[in-house]
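These are my notebook entries on one protein chain. I set down each point as I looked it up.

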Amino acid sequence: MTSFPSPMELDAIGARYSVSTRSMEDLIARRRAGAHDGELINLLRQPDWGGLSLEQATQLVTELPG
């Protein structure tokens, strides 16, 4: 069984990369729905999702539970 991240875990990861709670929750929902890492990374690179560099987005996705 896959464990679900607590809100505090998501907040900590989001804060580390300056990504909003709403975006973090959406990323987790997309991951649970079967989204591939590349899709999540592309979302995080968009300005309204975090505007992260490729390296930052990749690192954040590797830290996501699930």
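Which residue's side chain is joined to that of Arg31 by a polar contact of 2.5 Å? I found that the partner is Asp37. I take a polar contact to be a pair of N or O atoms within 3.5 Å; within protein, one atom must be able to donate a hydrogen and the other to accept it, and residues adjacent in sequence count only if both atoms are side-chain atoms.

**Entry 1: the source**

I note that this is a predicted model, in which local features need pLDDT of at least 70 and side-chain atom pairs count only at pLDDT 80 or more, while totals for chains, interfaces and linings use all residues. Residues are numbered from 1 along each chain as its sequence is written, and side-chain values use heavy atoms, with hydrogens and water left out.

**Entry 2: the whole chain**

I looked up the secondary structure and found four helices and zero strands in the protein chain. Read from the N terminus, the order of elements is α-α-α-α. Helices are DSSP runs of H or I with at least four residues, strands are runs of E with at least two, and both are numbered from the N terminus.

I then looked up the dimensions. The C-alpha trace spans about 30 × 25 × 15 Å along its principal axes. The radius of gyration of the protein chain is 11 Å, which agrees with the value near 11 Å for a compact globule, because the chain has 66 residues. This radius is taken over C-alpha atoms, and the globule rule is 2.2 Å times the number of residues to the power 0.38.

Of the 66 residues, 33% are buried. Buried means under 20% relative accessible area, exposed means over 50%, and partly exposed lies in between (1.4 Å probe, protein chains only). The accessible surface comes to about 4100 Å², and carbon and sulfur atoms account for 53% of this. The areas come from the Shrake-Rupley method with a 1.4 Å probe; for residues, only the protein chains shown count as cover.

I also looked up contacts, meaning heavy atoms within 4.5 Å. Among those between residues at least 6 apart in sequence, 49% join residues at least 24 apart.

**Entry 3: Arg31**

I returned to Arg31, which is found in helix H2. Is this residue buried or exposed? Arg31 counts as buried because its relative accessibility is 15%. Besides the contact with Asp37, the Arg31 side chain reaches the backbone oxygen of Leu64 at 3.0 Å.

**Entry 4: Tyr17**

Next I looked up Tyr17, which has its place in helix H1. Tyr17 is buried, because its relative accessible area is 12%. Not counting residues up to four places away in sequence, Tyr17 touches Leu52, Gln56, Gln59, Leu60 and Glu63. With one of these, Glu63, the Tyr17 side chain makes a side-chain polar contact of 2.6 Å. I also noted that Tyr17 and Gly50 are 33 residues apart in sequence, yet their C-alpha atoms are 8.0 Å apart in space.

Where is Ser18 found? I located Ser18 in the loop between helix H1 (7-17) and H2. Ser18 counts as exposed because its relative accessibility is 64%. Its phi is positive, about 60°, although Ser18 is not a glycine. For background, most residues other than glycine have a negative phi.

Ser23 is found in helix H2. This serine is buried, because its relative accessible area is 1%. The Ser23 side chain makes a polar contact of 3.1 Å with the side chain of Ser20. Leaving aside neighbours within four places in sequence, I found Ser23 in contact with Asp48 and Trp49.

**Entry 5: three partly exposed residues**

Glu25 lies in helix H2 (residues 21-32). Glu25 is partly exposed, because its relative accessible area is 47%.

Gly38 has its place in helix H3. I recorded a relative accessible area of 38% for Gly38, so this residue is partly exposed.

Gln46 sits in the loop between helix H3 (37-45) and helix H4 (54-63). With 34% relative accessibility, Gln46 counts as partly exposed. The C-alpha atoms of Gln46 and Gly14 are separated by 15 Å, and the two residues are 32 apart along the chain.
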